[in-house]
Amino acid sequence: MPELPEVEALKDFLTEHLVGHEIVRVLPVAISVLKTYAPPVDALQGHRVTAVHRYGKFLDLETDGGPRLVTHLARAGWLHWKDPLPSGVPRPGKGPLALRVALETGAGFDLTEAGTQKRLAVYVVRDPQEVPGVSRLGPDPLADDFDEARFAALLEGERRQIKGALRDQSLIAGVGNAYSDEILHAAKMSPFKLAASLTPEDVTRLYEALRTTLSEAVERSRGIAAGRLKAEKKTGLRVHGRTGEPCPVCGDTIREVSFSDSSLQYCPTCQTGGKPLADRRLSRLLK
């Protein structure tokens with residue numbers, strides 16, 4: 001799933017390639033991708049892109065007096081820049097293509113989604129705050145005003161495990177499954193630790209890990225073409241998706257806890273005092 005660093009890189013890429021250009025066609029190929037109907041999607045046509053914004057994991061294309069195109073790539077969505085775009089009209093139901101945006105130059109981009117769970121979402125709105133997912137977002141963890149005191153206030157009274165709290169978009173915007181694993185590894189903290197139990201020293205360590213991990217990931221992604229961002233994300237991850245590999249810090253074997261539709265990875269030596277966490281899905285199977 002694209003998270004804050006990859007979406008930030010896509011924002012920079014699209015700012016360079018879209019701003020100043022006219023949208024001449026918006027073609028929904030998978031009808032399920034459109035989550036709004038007024039204004040209609042063709043209301044974007046004839047307008048120039050004036051800016052590209054990011055809100056958490058959402059991308060927002062602002063136009064010169066027209067509506068805005070807001071996108072959430074969800075778990076399996078991606079953006080593919082093409083110069084030029086393929087000729088002809090794509091056929092619905094054939095392949096992963098969900099939506100195509102064409103510019104007056106002949107270039108443009110495709111939004112695609114792999115798999116059968118169609119969660120990629122596109123909204124055509126006058127104001128991005130009309131998008132429910134945007135209006136519910138918590139603060140951006142890389143914003144200048146997101147200091148340690150603000151972070152501590154967000155966690156105060158939280159009864160959830162810290163892994164779940166970090167992933168809650170209404171609490172902190174932009175962190176998903178992969179980077180929450182990376183942040184907790186950098187902070188040397190168990191993903192099952194209760195947020196309410198954090199000491200002031202824990203909060204400081206977690207805050208520094210949050211800002212550093214995301215900032216470094218953004219810098220690694222900066223200037224990379226859209227098509228290569230997924231591969232860049234994987235190469236920069238130290239524990240997420242690396243079950244069975246040695247921890248790059250201590251050499252212990254990276255372990256995994258599986259859930260119904262996701263998993264987390266962690267290092268026992270670095271994060272849990274050497275004790276493996278119970279894999280709840282496996283425990284149920286053994287009963």
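**Cavity and pockets**

Tutor: When the whole structure is searched, 1 cavity of 30 Å³ or more is found, a cavity being a set of points on a 1 Å grid over the protein atoms alone where a 1.4 Å probe fits but cannot get out. The model is a predicted one, in which local features need pLDDT of at least 70 and side-chain atom pairs count only at pLDDT 80 or more, while totals for chains, interfaces and linings use all residues. Residues are numbered from 1 along each chain as its sequence is written, and side-chain values use heavy atoms, with hydrogens and water left out.

The largest cavity holds about 50 Å³ of space, where a volume is the space filled by probe spheres set on grid points joined across faces, edges and corners. Its lining (residues with an atom within 4 Å of a point) consists of Leu-14, Leu-59, Leu-61, Leu-69, Thr-71, Leu-73, Leu-79, Phe-109 and Leu-111. Two or more of these residues come from each of β3 (58–63), β4 (68–72) and β7 (108–113), strands being DSSP runs of E with at least two residues, and helices runs of H or I with at least four, numbered from the N terminus. By class, the cavity lining has 8 nonpolar residues, 1 polar residue and no charged ones (nonpolar: Ala, Val, Leu, Ile, Met, Phe, Trp, Tyr, Cys and Pro; charged: Asp, Glu, Lys and Arg; polar: the others, Gly among them).

Charged residues number 9 in the lining of the largest pocket, beside 6 nonpolar and 4 polar ones, whereas the lining of the largest cavity has no charged residues.

The second largest pocket has a volume of about 370 Å³. Its lining is made up of 13 residues, and those nearest its centre are Lys-57, Phe-58, His-72, Gly-133 and Gln-169. Sorted by class, the lining of this second pocket has 5 nonpolar, 5 polar and 3 charged residues.

Note on methods: On a 1 Å grid over the protein atoms alone, a cavity is a set of points where a 1.4 Å probe fits but cannot get out, and a pocket is an open set with protein on both sides within 12 Å along at least five of seven lines; lining residues have an atom within 4 Å of a point.
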